[in-house]
Every structure is written in C-alpha cells, then in structure tokens.
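Hello,

Here is the structure for you to look at. Please open it first, then read my notes below.

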Amino acid sequence: NRWRASILTLFPEMFPGPLGLSLAGRALRDGRWSLDTHDIRAFATDRHRTVDDTPAGGGAGMVMRPDVLDTAIGEVLAEGDARPLIYLTPRGRLLDQATVRTLAAGPGCVLLCGRYEGIDQRVIEARGMVELSIGDYVLSGGETAALVLLDACVRLLPGVMGAAESATEESHGAEGLLEYPHYTRPAEWNGRAIPEVLLSGHHAEIARWRRAESERITKERRPDLWARHEAKHGGAGGM
Ligand code: ADE
C-alpha cells in the first residue's frame, strides 16, 4: 500500500534524477513511496523499434503510435489498479496544489511522458487519460513535468516532511494565499533591517503582519488567486 509512481517514457535514465536526492530521495530509500520506469520503446513490435509516425493530415513532426502506447500502458496498469493514468502535456488542465493533494492522498499515479509533437488522440480517449500541464510554456518532453508533479506529491506523503518543512503555512496552503516574506540574522544586513514587528516578540502582531503581507503580495502578484480567495473566504466589508 505504499504510494507508487510508474513512469512510461522514452528516457527512463531521467528518473529518479533529482528525486533521488534530498527530501524525496530519503523518502524513496525509506520506502515511503516507490518508483518504476518503463521504456516505451521496449513495447514496439517492428525490428526498428518504431514508436512514432508522421501525422495524419500532414504537417511537421511525429506522433506517438496508439498501439505501442496501449501495449505499454497495459503492461503497467493491471486490471484493478486504481491509480490515475496521467498524460503530461501543455494541452492539459493546469496542475495546482488541490490536484497535488488529491493525488498524494491516493494510491499513486501512472505518468505518461510524451515526446515529439504528441500522441495519437485515440489512445488518450480509449484509456481515459487525465491530461495535465505544469504551466503555460512548452517543455521538450513530459519527463521534467513528471518530475515536478512527483516532487509536489511526494513531499505531502505521511512522514516525508519534517516539522521544519511543515506545509501548514506555505504558499497555496489552505487559505489560497502566497506566503509572507522571511528574514533571519543578521538583524541588519547591507543597510537593510528586519521589519521591527518580527523582533517585537508580540505573536499576535507578528501573525497580523504576516497575514497582511500575504494578502498584499497575493493581490499584487496573483490577482487570479486573490479573486478566488475572496470568493471562497468572503471578506467584503471586513466582517
Ligand atoms: N510537456 C511539454 N510541455 C509540458 C508542460 N508545460 N506541462 C506538462 N507536460 C509538458
């Protein structure tokens, strides 16, 4: 019942990559999650191990074949495996912390990393893939996006984050706000002081200041998040 990630990729050497280090790496060695990679090319059937072909209708680039992908998926996702099959693509719904929380609370995930211009639409539909994007920019493949998604999930697994890395007051937390700024010693650095309230020892005032900073920064940088926060937590009239 450990949280399990299975990766379908043409570049299995990219994993675990950075997830073998630091917090995620320690958790992997401690058996708090597991990772298995599967080389899509191993499921090609012709002697050239072809995984892609020219796009129907013409145009540039190559498209990954549905038959090869379906065989690979069938090998990894056995009957009764409840994990979601996620295809990383810039056409997907934007990944957010709510989705990360849901994934981390489940049994794990199967991640399909595409290359070339994309994959045949029919296998996306036939396999009921969940299409996710990690942001509005284009990567050269889904592998780095898969690493990002896994990093975000694994740090939320039970026992992975210590008290020091606690997720209770971070950006995109329960309140849907960005985090307040942080300071440490020295108290004055290159003519810059730490905000006085933080050195006051007044916990309520510190909490108030941090909250105000969170709100100010969210309004300024992310009006979209601020609007959602206002809709959800109300606040009109300061009641
Ligand atoms: N593959 C290429 N670009 C991507 C993105 N932004 N998100 C997820 N997968 C991708």
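Where is Ile134 found? Ile134 sits in the loop between strand 8 (130-133) and helix 5. Helices (H or I, at least four residues) and strands (E, at least two) are DSSP runs, numbered from the N terminus.

Two points before we go on. This is a predicted model, where local features need pLDDT of at least 70 and side-chain atom pairs count only at pLDDT 80 or more, while totals for chains, interfaces and linings use all residues. Residues are numbered from 1 along each chain as its sequence is written.

Ile134 is buried, because 20 other C-beta atoms lie within 10 Å. The cut-offs are these: a residue is buried with 20 or more other C-beta atoms within 10 Å of its own, exposed with 12 or fewer, and partly exposed in between, with C-beta atoms placed from the backbone. Ile134 touches Leu95, Ala145, Val148 and Leu149, leaving aside residues up to four places away in sequence. A contact means that two C-beta atoms, placed from the backbone, lie within 7 Å.

Asp136 is also in the loop between strand 8 and helix 5. Is Asp136 buried or exposed? Asp136 is exposed, since it has 7 other C-beta atoms within 10 Å.

UniProt, in an unreviewed entry, places the feature "binding site" at Gly114, Ile134, Gly135, Asp136, Tyr137, Val138 and Leu139. UniProt positions follow the numbering used here, feature names are shortened, and annotations may be inferred rather than shown by experiment.

**The ligand**

The shell around the ligand includes Leu88, Ser133, Ile134 and Tyr137. A residue counts as near a molecule if its C-beta atom, placed from the backbone, lies within 6 Å of it. Strand 5 (residues 85-94) gives the largest share of this shell, 3 residues. By type, the shell has 7 nonpolar, 4 polar and no charged residues. Here Ala, Val, Leu, Ile, Met, Phe, Trp, Tyr, Cys and Pro count as nonpolar, Asp, Glu, Lys and Arg as charged, and the others, Gly among them, as polar.

**Strand 6**

Strand 6 (residues 108-113) is largely enclosed by the rest of the structure, because 6 of its 6 residues are buried. Both faces are covered. Gly108, Val110 and Leu112 are on one side, with Cys109, Leu111 and Cys113 on the other.

Which strands pair with strand 6? Strand 1 (residues 3-9) does, in the parallel sense over 5 bridges. Strand 5 and strand 6 also pair in the parallel sense, over 4 bridges. Two strands pair if DSSP finds at least two bridges between them. Ala5 has Cys109 as its bridge partner in strand 6. For Leu88, the partner in strand 6 is Cys113.

**The core**

The largest nonpolar core has 42 residues. Such a core is a set of buried Ala, Val, Leu, Ile, Met, Phe, Trp, Tyr and Cys residues joined through C-beta atoms within 7 Å. Among the residues that touch the most other members are Leu88, Leu111 and Leu150. Helix 5 gives the most to this core, with 7 residues. Leu150 touches Ala5 and Leu19, not counting residues up to four places away in sequence.

An open sheet of 3 strands has the order 3-4-7, with mixed pairing. Strand 3 (52-53) and strand 7 (118-119) are the edge strands, and each pairs on one side only.

Best wishes
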